[in-house]
Amino acid sequence: MLVALGVCAVVAAVLAWDVLASTLRPAIGRWRSRLAAADRNEEVAAYDPGRERRAEQRARELLRSCVDEESWEMYRDLGFLRVWGSDGSGTGAGHGVAPYAYLIYPHKPIVAYVPRSSRLLSEYCVDFPDTDRPYGSARLPASDDVLAKWMALTADERRLIENANLHLAGRQHDPDAVRSDIAALGRWEFDRRRRSDAGSVRAP
Amino acid sequence: MRLLRMKPGHGEVLIAEGDVEIAEQERELIAAFREQLDKGMWAAVPMVAPDGRRQAELVRDFGEVPRDAERVIFFPRAAGGS
C-alpha cells in the first residue's frame with residue numbers, strides 16, 4: 001500500500017513538473033534575454049570614447065609637465081620619445097654621440113638602438129597593467145604608458161630592463177619603420193636646431 | 001605635495017594633497033603613500049637633474065621623497081609584456 005502511494009506521488013510530481021516547466025519555460029527565456037541585454041548595455045556603457053579621449057588629454061598634459069620641452073615636442077610631432085642610455089648621459093646627449101638610446105612608443109615595446117649607426121639592438125616588451133581594471137580595462141592611456149616608461153627608464157634603467165621581456169629587434173616593430181623613425185628624428189632635430197639658431201622656436 | 005595615480009580610462013587621479021611641514025597633513029600623505037605601494041604601485045618623483053635634464057626618481061619609502069617635491073606619481077609596476 002505504501003509502495004503504491006509512493007509511486008503515485010512520484011508520478012504526480014513528474015507530471016506537475018512537466019506542466020510547470022512548460023508554463024515557466026517562456027518566462028525563463030524572457031528573463032535570460034533581459035539579462036543578456038543588460039550585459040550588452042553595460043558593455044556599451046563601459047566603453048565611452050569621450051572618456052578615453054579626456055583620459056588621453058589628461059595624460060598628455062601630465063607627460064608634458066614632466067619631460068623637457070624638446071622631448072615633449074618630439075612626442076607631439078613624431079609620436080615617440082628618445083631616452084639616452086644611462087652610459088651615455090652627459091656625453092653629448094642631444095647630439096647623437098651616446099653609445100645607445102631607447103625609443104619609447106605608446107603601448108609598444110621599447111626599442112634600443114645605436115644612434116651613430118641607427119643599428120637596432122633589441123626590443124624590451126613591458127606593460128604597466130592596472131589590476132584594479134577601472135572601466136574594465138587594465139591599459140593606461142597611451143601618453144601615461146609613455147610617461148611610465150620614461151620615468152622608469154630615467155629613474156632606474158636596469159630595473160625596468162630586468163622587468164621587461166627581451167626580444168631581438170623586429171619581433172613586434174617593423175625594423176624598416178623604426179629606422180625610418182630614427183631618420184625622421186634626425187631630420188626633426190636638424191630642423192629644430194636650425195629654427196633655434198634662427199631664434200624662431202616658439203612655444204607650442 | 002600632491003600624490004597622483006595614473007588610471008586606465010581616466011588619466012591621473014589626485015590621491016592626496018598636503019603640506020609636509022604640517023604634521024597632520026604629512027601623516028595623511030604617508031598613509032596614502034603606503035596604501036598605494038601596498039597595492040603594488042611604483043612611485044616616481046619627477047625632478048630636474050643638476051645638469052638641467054628632466055628625469056624621475058623611483059622611491060620606495062616616503063622618506064626618500066624630497067621634501068620640496070611638488071608631486072609623486074604612482075603607476076602600476078612594470079611587467080614583461082608579450
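**Two chains, question by question**

Biologist: What share of chain B counts as buried, and what makes a residue buried?

Modeller: Of the 82 residues in chain B, 46% count as buried. Buried means under 20% relative accessible area, exposed means over 50%, and partly exposed is in between (1.4 Å probe, protein chains only). Before we go on, this is a predicted model, where local features need pLDDT of at least 70, side-chain atom pairs count only at pLDDT 80 or more, and totals for chains, interfaces and linings use all residues. Residues are numbered from 1 along each chain as its sequence is written, chains are lettered from A and ligands numbered from 1 in the order in which they are written, and side-chain values use heavy atoms, with hydrogens and water left out.

Biologist: How many helices and strands does chain B have, and what makes something a helix or a strand here?

Modeller: Chain B has one helix and six strands. The elements are DSSP runs numbered from the N terminus: helices are H or I with at least four residues, strands are E with at least two. Along the sequence, the pattern of chain B reads β-β-α-β-β-β-β.

Biologist: How do you know whether chain B agrees with a compact globule?

Modeller: We set its radius of gyration, taken over C-alpha atoms, against a rule: 2.2 Å times the number of residues to the power 0.38. For 82 residues that rule gives a value near 12 Å, and chain B has 13 Å, so the two agree. Its C-alpha atoms fill a box of roughly 45 × 35 × 20 Å along the principal axes.

Biologist: Why is B:F33 called buried?

Modeller: Its relative accessibility is 1%, and that falls under the cut-off, so B:F33 is buried.

Biologist: Why is the pair A:W72 and A:Y75 called what it is?

Modeller: The ring centres are 6.4 Å apart, which makes them a pair, and the planes are at 50 degrees, so the pair is tilted. Both residues sit in helix α3 (residues 69-78) of chain A, three residues apart, so about one helical turn separates them. A:W72 and A:Y75 are both buried.

Biologist: And what makes B:F33 and B:F74 a pair, and of which kind?

Modeller: Their ring centres are 5.5 Å apart and their planes are at 65 degrees, so this pair is edge-to-face. It links distant parts of the chain, with B:F33 in helix α1 (residues 23-38) and B:F74 in strand β5 (residues 71-76), 41 residues apart.

Biologist: Which residues does B:Q36 touch, and what makes it buried?

Modeller: Contact means heavy atoms within 4.5 Å. Not counting residues up to four places away in sequence, B:Q36 touches B:R5, B:I15, B:M41 and B:F74. B:Q36 lies in helix α1 of chain B, and a relative accessible area of 3% makes B:Q36 buried.

Biologist: Why is B:V45 called buried, and where is it?

Modeller: B:V45 is in strand β3 (residues 41-48) of chain B. Its relative accessible area is 2%, so B:V45 is buried. Leaving aside neighbours within four places in sequence, the contacts of B:V45 include B:Q55, B:V59, B:V65, B:P66 and B:V72.

Biologist: Over to chain A. How many helices and strands are there?

Modeller: Chain A has five helices and five strands, running α-α-α-β-β-β-β-α-β-α from the N terminus on. Of its 204 residues, 36% count as buried.

Biologist: What makes A:H107 partly exposed?

Modeller: Its relative accessibility is 27%, so A:H107 counts as partly exposed. A:H107 is in the loop between β2 (101-104) and β3 (110-114) of chain A, with a positive phi of about 55 degrees although it is not a glycine.

Biologist: And why does A:S118 count as buried, exposed or partly exposed?

Modeller: Its relative accessible area is 25%, so A:S118 is partly exposed. A:S118 sits in the loop between β3 and β4 (119-127) of chain A. A:S118 also has a positive phi, about 65 degrees, without being a glycine.

Methods: Rings of Phe, Tyr and Trp (its six-membered ring) pair if their centres lie within 6.5 Å; planes under 30 degrees apart count as stacked, over 60 as edge-to-face and the rest as tilted.
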